[in-house]
Structures are given as structure tokens and as C-alpha cells.
Amino acid sequence: RLSDYSYLITYEQPMSYHAEAFQKALVNLEYVNVDGNLKVIQFTSSLAGAGKSTFVSNIAHLMGKKGKKVVIVDLDLRKPKLNRVFKVANEKGITDYLAGKVTYDNLVKYNEKFNMHYIVAGEKTTAVVNILEAKKLKELIAKLRETFDYVLLDSPPVLAVSDALYIARLADGVIFVVAQNEAKKEIINEAVSTLKQNKVNI
């Protein structure tokens, strides 16, 4: 996990130990998704700082290298980071689209360097839960599902706010990211328990 979100280890050092770890994670995902039932996948963690934005970006890059058409959607509307990965302004994003300020064609952007599409969070709002429950967001995810092989949702941590549970309703499954040597077992267990109580497919 690095403070420079635009540094993707799978791109910069594809033969490194850390890049290999991401490769293994992707192989595991492909194994559990052998029937292709997981197209919309949410990425979350117990608390902030686990490196989920870095994780999802590297996984998306590896998927793109294997010929998959991938889009990452930044649904961490309170603390968006996806714009930092691609070094772009956090504008013309999800919140702007739902407010009718931007069209679908201007919403979905493509990064040639990393070979993936992405959607930033957009203008900050205090009505986060309203946005996550909006019919227009559900329709957007449905459209992305038809267009892309994988739709990856970068979401807030489970224990910080309730947002992750609303986002889970949009996803086929959740990948729970844990920071090595940093996360406390009881906190991880609490977050996983919260997801299971809400019948989330982890």
C-alpha cells in the first residue's frame, strides 16, 4: 500500500513478489467464479487504510491484461481515491451523473496506460445514502453489467459507515481486503460478521 495511488505494482514491477501476490488473488477469484456468476464485485475492508483502492486497481489492471473489459466505479463517495489512481480531477462522476449534470458517455472514461475504464465519485455530497439507494444508480450498474466483463466497486470500509452495506445490494459478491500486520483480528471478525448478518456473499 502506497500513498501514491497511481503507482500500480502490477504495471510498474510485474515480475515482483507483490505483483505475484495480486496474480494469485486474481487466480483465486477466477476459481470461485468459474461459472461466471460474479460480474459486479465490491471491494471493502474493516476500517480505512487497508489498501482496498490499491488492491482493486491492481486487480483491474491484471484483468485488462488478460483481455477482459473492466470498469472500476468509485462508490467511496465520502473519501474518493480513484481519481488519484488516474491522476484526474474528481469531476463528471457518479454524483454528477445521478444529478443529471453529465451523460453516460462522459461518465465512463478509459485509461490506456492501465487498460481499464473507470468512473470517479464526482462532486461531494451529504446525501450519500440517498445516492446509494437511487434507482438511477441501480440502472447504471445494470447497464455496466451488460457492457463490461467485470464491474468493480470501490466502497467505504464496513465499520466506518453503513455505505458498504447499501453498495453490497448492487454487487454479486464482496472481496474483503485485510492489511497485513496492521488489522486487528477482533475488528476483522466484527466487520465480517456485519456483512454476514446482512447476507452478503463474501
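This is a predicted model: local features need pLDDT of at least 70, side-chain atom pairs count only at pLDDT 80 or more; totals for chains, interfaces and linings use all residues.
Numbering runs from 1 along each chain as its sequence is written, and side-chain values use heavy atoms, with hydrogens and water left out.

Next I searched the whole structure for aromatic pairs and got 5 (Phe, Tyr or Trp six-membered ring centres within 6.5 Å; planes under 30 degrees apart are stacked, over 60 edge-to-face, the rest tilted). Phenylalanine 86 and tyrosine 118 make a stacked one, 3.9 Å centre to centre with 10° between the planes. Phenylalanine 86 is in the loop between helix 4 and helix 5 and tyrosine 118 is in strand 4 (residues 116–119), so the pair ties together parts 32 residues apart in sequence. Helices (H or I, at least four residues) and strands (E, at least two) are DSSP runs, numbered from the N terminus. I also found Tyr11, Phe86, Phe114 and Tyr118 in one aromatic cluster.

Then I looked for charges over rings (NZ of Lys or CZ of Arg within 6 Å of the ring centre and within 35 degrees of the ring normal). Lysine 143 lies over the face of tyrosine 104, 3.9 Å from the ring centre. Lysine 69 has its charged end over phenylalanine 148, 5.1 Å from the ring's centre.

Last, backbone: lysine 87 has a positive phi, near 55°, and it is exposed at 67% relative accessibility.

Note on methods:
Buried means under 20% relative accessible area, exposed over 50%, partly exposed in between (1.4 Å probe, protein chains only).
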